[in-house]
Amino acid sequence: MSALDAAIAPVVTDPALATASERQPRKLRAAARRKQTIVRWIVLGLVAIFMILPLAGLIDFSTRLLNGKRTGRSWATVIDLDKLNAAAPDLVEGFKVTIALCLVTAGLTVLLLVPTMTWIRLRVPHVSKLVEFLCLLPLTIPAIVLVVGLGPIYRGIAHLLGTGNIWLTFVYVILAFPYAYRSIDAGLAAIDVKTLSEAARTLGCSFPAVIMRIVLPNIRAAVLGAMFLTIALCLGEYTVAYLLSKNNLSVALFNLGLSASGDPRLTAAVSLILLVFGFLVMFGFSFLGNTRRMKKGK
Amino acid sequence: MQPISSAVDDGTDSARTPGISASTGASAVLGTSAGVGVELRGLRRSYGDVHALEGMSLNMAPGEMVVLLGPSGCGKTTALRVLAGLEDADAGQVIVAGKDISSVPTSKRDMGMVFQAYSLFPHMTARDNVSFGLRLRGKGAAERKKIAENYLELVGLDHHADRYAHQMSGGQQQRVALARALAIQPQVLLLDEPLSALDAKVRVQLRDEIRRIQLEVGTTTLFVTHDQEEALAVADRVGVMRAGKIEQIDKPDVIYSAPKTAFVAGFIGLTNKMRGTASGGMVSVLGSTVPLLPGSPTSGSVTALVRPEALRFTSGTSSNGLGTATVVATSFLGAHGRVQARIEDGTILLAQMSVGETVALQPGEIVDVAIAPSPVLATA
Amino acid sequence: MSATVVAPPAVAPRSGGDGRLRRMKPLLGVAPFLLYTALFLLVPTAIVVIGAFQGDGGSFTLANFSALFGQSVILEALLRSIVLSVVSAVIGAVVGAVVAYFLSTAPPSGLLRKLVTSASSVLAQFSGVMLAFAFIFSFTGRTGLVSRTLNSWFGVPEPDVNYFASLIGLIIVYAYFQIPLMVIIFLPAVDGIRPQWREATESLGGSTWVFWRRVAGPLLTPSFLGALLLLFANAFSAFATAAALVGLGSPLITLQISNALTSETGLGAPNLAKAEALIMVVIVAIVMAGYYWIQKRSSRWLG
């Protein structure tokens, strides 16, 4: 598995795709093992401290008044939606838009990729290299470059569909392609799509029904992984939103933190919540891979 | 409807007593499809330089089981897939029950198909797999369950209805696949090397069951295989294919005993190639005179294709004019034996004889070679 | 057989055109995907590439590039971006590789590993904006936790709010998200080092050092270099973090592009942003090509 594959690899591991990481832990002699354990904890500990410092700083900052006293005011505002709306309406708006973007983009990406990739495997396998190249292209074309060329496209969209923030979803789907493609590709490779879909077709199944009833249920882990990576991307995206003059969570957060009229403490609190939330979701997902063992028949 | 179960155990229910009908409504539900006629007319299909089908034609009578047999690359699977609609022919027609269905998509052709392996939907139980086609046809849940369970019973797996594919053996999976294909009461049943991925013993059992079920249900069936023993065992007619065409199609015993070409003779069963002289419809080989099948040269030096069971080696030479050979090796195969013996020009002949006759011979012994008077095919 | 068969000629050609046309029809299935990708990926890219060579009124010109190379501000930004990316990539690669190694020796489904990989995923993929704020709020000014502590403990003067706009500051923050990214990328490669190889080395009399120098090192080098290239590309393309950290000016190439896009008064040539973007793409493309080349050559060993 290449390094790039790892970076955009499915988050939810299907046990059928078990990699070397599911192997037995190493067996070294006891003394060496103990020494290595100590060294391991020291090294990891040092790195952990560096990593935690900024987060600790966020906690500290969000609860500290200029004179050094502690205040929970920012946190009270964060928790209470009305107060939050009053204090930072753009943030709440941005948050809503981002949640909508996450869901719509995840859905649209799966809707676009799963039928296409299935169709390719069934009918036009010679096109798969081209599609793979196109799906991985966004890794080579940074968002900042892409957005330079998107100006005219989005002017056209503004004419047809208006200037709503939700139309960012079209670009986000493209940005999500490399991650979603790899995940879904791994999932499709693990099942014999051709035989299953041919069996379904002889029983009278139309192509859309094959996707819904046969393919999707069998690549559930891969699709979840793809959606998850897409959501992670949407949650943190700033570049395109800012340069297309749209509002989303990161843009609103940016303005909140750095504009003169913004509230830095509130920004700190919100940032921390988002990071912790993201961590919990990721952590939860790492347990998901082991739900159903799918052994191949003999 | 009697549940079909084999006396030999392959893991399916052995606690079943033949003769007991599991459900009074079984016959009504399962029914029998009045078979339909199928015609493949002049099919042609190429992939680039490879010509998979070269004007292949086939007529199947209602309720008949035709087995397409041939080496890999002969086009048998392509022909099946064209009939199923999974591939399009470049030319030719597919006619079922008198209607040209060449441009009808697969999902509308109403044909049940059993694939070589891994075709059960892994996310569904056996019961759900079997009722899948029924679901697509809009049958209610209670009816689906009943029909599915009846067909599972037909293949002897009603107690496995809640199992998933990975919990079943290969043989069991193929039985479920068969039940699934039959449950929609298709016009035609298609079997694409359904036994090739199974163990030898399971293969033999299952092929007999498939035949029994097919006779019971009466669906016109096309069965593709590369195993000639399998083909002979189950077919109403066997079509031997080569290079995209059917070389000969006949009843199994005719294919075996009266092959029309050397290829068919060589592909089916074993043959000994023996030099001899032909004249007037007979060929003289190693002292025996044997009738020739049509298609053989009528005179001159020929190679006769003689089956092992037509050869007999007897010890002790007597001056009866028969050719002689030296025994090289004997093998005991359970129900019969085989003996290899070398003749004067160095060719090694293989004879199939009874156990008693085989055991009586020793390597190195000189034996007479007798050839039974059944007709043989010869080539120039 | 039914006698009502309509009898067309014996070998009728398939209706619907010749074989080749019919074979093209399935390609329609990928049309939605291709159209979508063309509109939102290929067309914008083409706009950038073509526009970089266009002057006023659409004529072909290299003026954009000469304007670009003529301005030291832009060239300095490009250079600074490259230096920043290289340094942060190296730091991230080295530290991340060490962390990955220690992680791989931990039990595979144990808690430590899950914790670290989850945390790494978050830190690597989440918005640069939040990360930037975390650093500004912790390390700068009198109110930052770290700056305050360092001041009261060691008398280190508190950094100015704009500290992280400097090259050193940027390197620190970039390293912060490069390390977890390296962990994610490199972990599978380290996992590929089978314990049997280590044991074989030991049984043949080799020490740990020998193992690393002769066995694991050479095997991991391609993956390491590949990951290094990825980290470079990642840092080079980063925008959000830089935008949040840098107040005045555009010391990095991505900021230059953003500036060129949003400012009304162009710095001379009309399609300057596109020219800058094209240069960026070329650099990243070269790096990615290098990555794929390394991948192809070495994927057999650790597959």
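Author: In this predicted model, the buried residues of helix H13 of chain A pack against elements of two chains. From chain A, the partners are helix H5 (89-122), helix H11 (220-236), helix H12 (239-243) and helix H14 (264-285). Chain C contributes helix H6 (128-139) and helix H11 (240-245).

Helix H13 of chain A spans residues 249-258, and eight of its ten residues are buried, so the helix is largely enclosed by the rest of the structure. The buried set consists of A:Leu249, A:Ser250, A:Val251, A:Ala252, A:Leu253, A:Phe254, A:Leu256 and A:Gly257. At the start of this helix, the backbone nitrogen of A:Ser250 has a side-chain oxygen of A:Asn248 within 3.1 Å.

Over all chains, the structure holds 24 of them. One involves A:Phe254 and A:Tyr238: the ring centres are 5.0 Å apart and the planes stand at 25°, so the pair is stacked. This pair links distant parts of the chain, with A:Tyr238 in the loop between H11 and H12 of chain A and A:Phe254 in helix H13 of chain A, 16 residues apart. A:Tyr238 counts as buried, at 2% relative accessibility. A:Phe254 also counts as buried, at 14% relative accessibility.

An edge-to-face pair is formed by C:Phe135 and C:Tyr176, at 5.0 Å centre to centre and with 85° between the planes. Here too distant parts of the chain are linked: C:Phe135 belongs to helix H6 of chain C and C:Tyr176 to helix H8 (residues 167-191) of chain C, 41 residues apart. Both C:Phe135 and C:Tyr176 are buried. These two residues also belong to one aromatic cluster with A:Phe50 and C:Phe139.

The contact between the chains can now be described as a whole. It takes 97 residues from chain A and 91 residues from chain C. Together the two chains bury about 8400 Å², of which 78% is on carbon and sulfur atoms. C:Phe33, C:Phe40 and C:Phe137 supply 9% of the area that chain C buries against chain A, more than any other three residues. Helix H2 (residues 31-52) of chain C gives the most to the side of chain C that touches chain A, with 14 residues. By class, that side has 65 nonpolar, 17 polar and nine charged residues. Across this interface the rule finds zero salt bridges, while four residue pairs are in polar contact, both residues at pLDDT 80 or more.

Terms used:
Residues numbered from 1 in each chain as written. Chains lettered and ligands numbered in written order. Predicted model: local features only at pLDDT ≥ 70, side-chain atom pairs only at ≥ 80, totals over all residues. Heavy atoms only, no water. Contact = heavy atoms within 4.5 Å. Buried area = accessible area lost by both parts, 1.4 Å probe. Salt bridge = Lys/Arg side-chain N within 4 Å of Asp/Glu carboxyl O. Polar contact = N/O pair within 3.5 Å; in protein donor to acceptor, adjacent residues only side chain to side chain. Helix = DSSP H or I, 4+ residues; strand = E, 2+ residues; numbered from the N terminus. Nonpolar A, V, L, I, M, F, W, Y, C, P; charged D, E, K, R; others polar. Buried < 20%, exposed > 50% of the residue type's maximum accessible area, 1.4 Å probe, protein only. Phe/Tyr/Trp six-rings, centres within 6.5 Å; stacked < 30°, edge-to-face > 60°.
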